[in-house]
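Hi,

Here is the structure I promised to pass on. Have a look, and then read my notes below.

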Amino acid sequence: MRICNLVVLFFALAVAIPAYADDSDIAEKINAIVSRGPDNGDYHVNADDIYMWLKMKKTDFQIIDVRVGSEALNQYKDGHIPGAIYIPWNEIFKPENLNKIPKDKKIILVCHMGVTESLPIISLRLLGYDAYGMRLGMSGWQRDYPSAEYVRGLIDSTKQKDYPLEKGK
């Protein structure tokens with residue numbers, strides 16, 4: 001019985017130690033990326049910057065339209081930022097989609113409002129991509145974009161709020 005317990009303990013340690021080491025290694029890599037965020041615009045660029053790059057005919061970046069939803073592909077087909085390719089953010093890590101993303105260019109992710117585009121940024125950076133989001137997404141690109149009105153409504157709704165804050169600690 002004692003040998004059986006030792007075998008089980010040895011096996012558990014053999015499995016757990018490499019898993020813990022892997023988690024620690026991943027956490028260190030993520031920390032290195034996240035800690036550089038403030039010095040890199042929180043890994044976001046403005047629509048004005050992208051517009052300027054397009055006017056200058058720069059080729060060192062790739063825009064990826066990552067909008068998701070039943071109408072997202074139709075919205076992309078109806079109009080998207082020039083040169084953008086369409087890969088929904090929730091499908092971006094499929095091997096066939098990662099193969100479409102160049103590692104030698106700045107990657108700019110764009111969604112409706114600049115929120116969900118942020119979800120894959122750290123993971124893409126972990127994989128070696130120079131990934132950024134575009135602040136405010138398509139709402140920052142077109143004044144009449146449907147989500148822009150929604151964002152304005154959210155901002156207006158905060159004018160009534162004055163929730164308590166905790167101080168100190």
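Arg125 is found in helix α5, where helices are DSSP runs of H or I with at least four residues and strands are runs of E with at least two, numbered from the N terminus. With a relative accessible area of 15%, Arg125 is buried (buried is under 20%, exposed over 50%, partly exposed in between; 1.4 Å probe, protein chains only). Its side chain makes a polar contact of 2.9 Å with the side chain of Asp130 and another of 3.3 Å with that of Tyr132. A polar contact here is a pair of N or O atoms within 3.5 Å; within protein, one must be able to donate a hydrogen and the other to accept it, and residues adjacent in sequence count only if both atoms are side-chain atoms.

Before you go further: this is a predicted model, in which local features need pLDDT of at least 70 and side-chain atom pairs count only at pLDDT 80 or more, while totals for chains, interfaces and linings use all residues. Residues are numbered from 1 along each chain as its sequence is written, and side-chain values use heavy atoms, with hydrogens and water left out.

Now the sheet. Five strands form an open sheet in the order β1-β5-β4-β2-β3, with parallel pairing; two strands pair if DSSP finds at least two bridges between them. β1 (44-45) and β3 (85-86) are the edge strands, each pairing on one side only. Two bridges join β1 to β5, and Val45 stands opposite Met134 in β5.

What about strand β4 (residues 106-110), is it enclosed or open? Four of its five residues are buried, so β4 is largely enclosed by the rest of the structure. Five bridges join β4 to β2 (residues 61-65), with Val110 as the bridge partner of Asp65. On β5 (residues 130-134), four bridges join it to β4, and Ile108 stands opposite Tyr132, the residue that also contacts Arg125.

Lastly, the surface. Ile26, Ile30, Val34 and Leu126 form a nonpolar patch with about 280 Å² of accessible area together (Shrake-Rupley method, 1.4 Å probe; for residues, only the protein chains shown count as cover). Such a patch joins nonpolar side chains (Val, Leu, Ile, Met, Phe, Trp, Tyr) within 5 Å, and like charges within 9 Å, from residues with over 30% relative accessible area and no salt bridge, meaning a side-chain nitrogen of Lys or Arg within 4 Å of a carboxyl oxygen of Asp or Glu. Helix α1 (residues 2-35) gives the largest share, three residues.

Best wishes
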